[in-house]
Amino acid sequence: MLSGIQLVLAGLGIGVLMAAPIGPVNVLVIQRAVSRGFWGGLAAGIGAVLGDGVLAAIGAFSIAAISDVMVAYGDTIQFVGGMLLIAFGLALLLCRPVLATPVNERSHLLEHTGIIPQTFILTVTNPGAVLGMAAMIGGLGSLIGGLNTNLEALILVAAIMGGSLLWWLGLSELIATIRHKLTEGRLNVINRVAGFILFGFGAALIVEGLVRYFR
């Protein structure tokens, strides 16, 4: 069995490992931090933190009802996530890149809350995130012989969300620190690259789902 501190450290590690791989949410957070500064990037990351929290809770508390719904409607959830990614990608490809929050001005988190539900949905509809979280929590549970109390499960979920938040804080701060060096041409390249990546992720999700459906 793990002590409380070890459980927290394990949760923090899982949170960072779930957030760190380059995927659609990372791309969106980077693009938001570039155009809107630290708080814009962090707001996008908070949506992912909440999504990770939901997935962690399903795994840690073994919430059968929610798990059954996600399994039953997995194809629909994947299709919705793919369409959202395509929409985000097209928006970035078609819009004119600007620094929505000028470098010499400070914004506030409340100004960017509209992105939170968007990245939340992207996280919970990402098959990789769902399977990855289930695998990590399942592996940890097997290693320590399971979570014996709801308090232990709650500590693990909170720690996973904390690890995820630490990643988005660091990434948003890094991008916000260097954004003053970005010219309009560089912004245009970032938007185009981000748009193509998001569009590609979305198309891949939809194609994979269609192949599985018609197989």
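The model is predicted, so local features are given only where pLDDT is at least 70, side-chain atom pairs count only at pLDDT 80 or more, and totals for chains, interfaces and linings use all residues. Residues are numbered from 1 along each chain as its sequence is written, and side-chain values use heavy atoms, with hydrogens and water left out. The chain has nine helices and zero strands, where helices (H or I, at least four residues) and strands (E, at least two) are DSSP runs numbered from the N terminus.

**The chain as a whole**

- Read from the N terminus on, the elements of the chain follow the order α-α-α-α-α-α-α-α-α.
- Of the chain's 215 residues, 40% count as buried, a term that means under 20% relative accessible area, with exposed meaning over 50% and partly exposed in between (1.4 Å probe, protein chains only).
- Among contacts (heavy atoms within 4.5 Å) with a separation of 6 or more in the chain, 89% come from residues 24 or more positions apart.

**How helix pairs are described**

- Two packed helices are described by the angle between their axes and the distance between the axes.
- The axes are lines fitted to C-alpha atoms, for helices over the stretch in contact, and the angles run from 0 to 180 degrees between N-to-C directions.
- Angles under 35 degrees count as roughly parallel, those over 145 as roughly antiparallel, those of 65 to 115 as roughly perpendicular, and the rest as oblique.
- A crossing is right-handed if the near helix is turned clockwise from the far one by less than a right angle, and left-handed if anticlockwise.

**Helix H2 with helix H3**

- The axes of H2 and H3 come within 6 Å and cross at roughly 155 degrees, and the two helices are therefore roughly antiparallel to each other.
- H2 passes H3 in a right-handed crossing.
- On the H2 side the meeting residues are Val25, Val29, Arg32, Ala33 and Arg36, and on the H3 side they are Phe38, Gly40, Gly41, Ala44, Gly45 and Ala48.
- By class, this contact of H2 with H3 has six nonpolar, three polar and two charged residues, where Ala, Val, Leu, Ile, Met, Phe, Trp, Tyr, Cys and Pro count as nonpolar, Asp, Glu, Lys and Arg as charged, and the others, Gly among them, as polar.

**Helix H2 with helix H8**

- Helix H2 (residues 24–36) packs against helix H8 (residues 150–178) at an angle of about 40 degrees, with their axes 9 Å apart, and that makes H2 oblique to H8.
- The contact is formed by Val25, Asn26, Val29, Ile30, Ala33 and Val34 of H2 together with Trp167, Trp168, Leu171, Ser172 and Ile175 of H8.
- The contact of H2 with H8 has nine nonpolar, two polar and no charged residues.

**Helix H3 with helix H6**

- The axes of helix H3 (residues 38–61) and H6 come within 7 Å and cross at roughly 40 degrees, which makes H3 oblique to H6.
- The crossing of H3 and H6 is right-handed.
- Residues of H3 including Ala43, Ala44, Gly47 and Ala48 meet Ile116, Thr119, Phe120, Thr123 and Val124 in H6.
- The residues of the contact of H3 with H6 divide into 10 nonpolar, four polar and one charged.

**Buried residues**

- Ala48, in helix H3, counts as buried at 2% relative accessibility, and, not counting residues up to four places away in sequence, Ala48 touches Val25, Thr119, Phe120, Thr123, Ser164 and Trp168.
- Ile137, in helix H7, is buried with a relative accessible area of 7%, and, leaving aside neighbours within four places in sequence, Ile137 is in contact with Ala56, Gly59, Ala60, Leu156 and Ile160.
- Thr125 is found in the loop between helix H6 (116–124) and helix H7 (127–144), and Thr125 is buried with a relative accessible area of 8%.
- Leaving aside neighbours within four places in sequence, Thr125 is in contact with Ile77, Gln78 and Gly81.
- Leu93 lies in helix H5 (residues 74–94) and counts as buried at 18% relative accessibility.
- The C-alpha atoms of Leu93 and Val189 are separated by 9.8 Å, although the two residues are 96 residues apart along the chain.
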